[in-house]
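Hi everyone, thanks for coming. Let me walk you through a structure that may be new to you, so please have a look at it first.

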Amino acid sequence: VLIPAISGLAEIRHKMQQRASKGASRLALVVALVAAVLALLGSNVVTSQDFLLHCQDNSGAWKLKVMGVMGKGRKPNMREIHPGDMVVVVGRTGGSKNKVLRAIVTRTRKPCSNPLRNGFMNTFDTNCAVVVDKEGNPVGS
């Protein structure tokens, strides 16, 4: 994948040397290299704020995206979410629009200490949550 890009850059550099001074050709080469690197890395960049949860109840919601954590400040770190935390999520429901909901995290992939403090660590294969209303009562059954 990189060999055609390098040969293409060599052609650009050769053309630039014929047309302009050395300073301009070096600038064009640097710009082309930066553009090539951004193109290669652009598809693999994932923002750290995307934290998706599966809905574990039968409320009809799915694909819950965490927007914030209740009680942990204005800009909480999404990596500090543990089971039992109440989060604000945007989720798909039966309608065509997304809705802002509240949910309680029940399972996480991240290992967390056992509530019994006996030295064991709990980890699960998925990140899941249960949708609740403003009072904390479950929406589904």
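This is a predicted model: local features need pLDDT of at least 70, side-chain atom pairs count only at pLDDT 80 or more; totals for chains, interfaces and linings use all residues.

Let's begin with a definition: two strands pair if DSSP finds at least two bridges between them. Strands (E, at least two residues) and helices (H or I, at least four) are DSSP runs, numbered from the N terminus.

Residues are numbered from 1 along each chain as its sequence is written, and side-chain values use heavy atoms, leaving out hydrogens and water.

How confident is the predictor? pLDDT is its confidence in each residue, from 0 to 100. The protein has a mean pLDDT of 78, and 72% of its residues reach 70 or more. Please be careful with residues 43-48, where pLDDT stays under 50.

Now the overall layout. The protein has 2 helices and 7 strands, and along the sequence the pattern reads α-α-β-β-β-β-β-β-β.

S2 and S3 run antiparallel, joined by 5 bridges, and the bridge partner of Lys-65 is Val-90 in S3. A hairpin then leads from S3 to S4 through 5 residues. These two strands, S3 and S4, pair in the antiparallel sense over 7 bridges, with Gly-91 opposite Lys-99 in S4. S4 also pairs with S7, again antiparallel, over 5 bridges.

What about the core? A nonpolar core is a set of buried Ala, Val, Leu, Ile, Met, Phe, Trp, Tyr and Cys residues joined through side-chain atoms within 4.5 Å. Buried means under 20% relative accessible area, exposed over 50%, and partly exposed in between (1.4 Å probe, protein chains only). The largest core here has 15 residues, and Leu-53, Leu-64 and Val-89 are among those with the most contacts inside it. Strands S1 (52-55), S2 (62-69), S3 (86-92), S4 (98-107) and S7 (128-132) each give two or more residues to this core.

Which residue stands opposite Val-105 in S7? That is Ala-129, and Ala-129 is buried because its relative accessible area is 0%. Ala-129 and Thr-106 are 23 residues apart in sequence, yet their C-alpha atoms are 5.1 Å apart in space. Beyond four places in sequence, the contacts of Ala-129 (heavy atoms within 4.5 Å) include Leu-53, Leu-64 and Ala-103.

Last stop: is Thr-108 buried or exposed? Thr-108 lies in the loop between S4 and strand S5 (112-113), and it counts as buried because its relative accessible area is 3%. Its side chain reaches the backbone oxygen of Lys-110 at 3.2 Å. Leaving aside neighbours within four places in sequence, Thr-108 also touches residues including Ile-81, Pro-83 and Phe-124.

Methods:
pLDDT is the predictor's confidence in each residue, from 0 to 100. A polar contact is a pair of N or O atoms within 3.5 Å; within protein, one must be able to donate a hydrogen and the other to accept it, and residues adjacent in sequence count only if both atoms are side-chain atoms.
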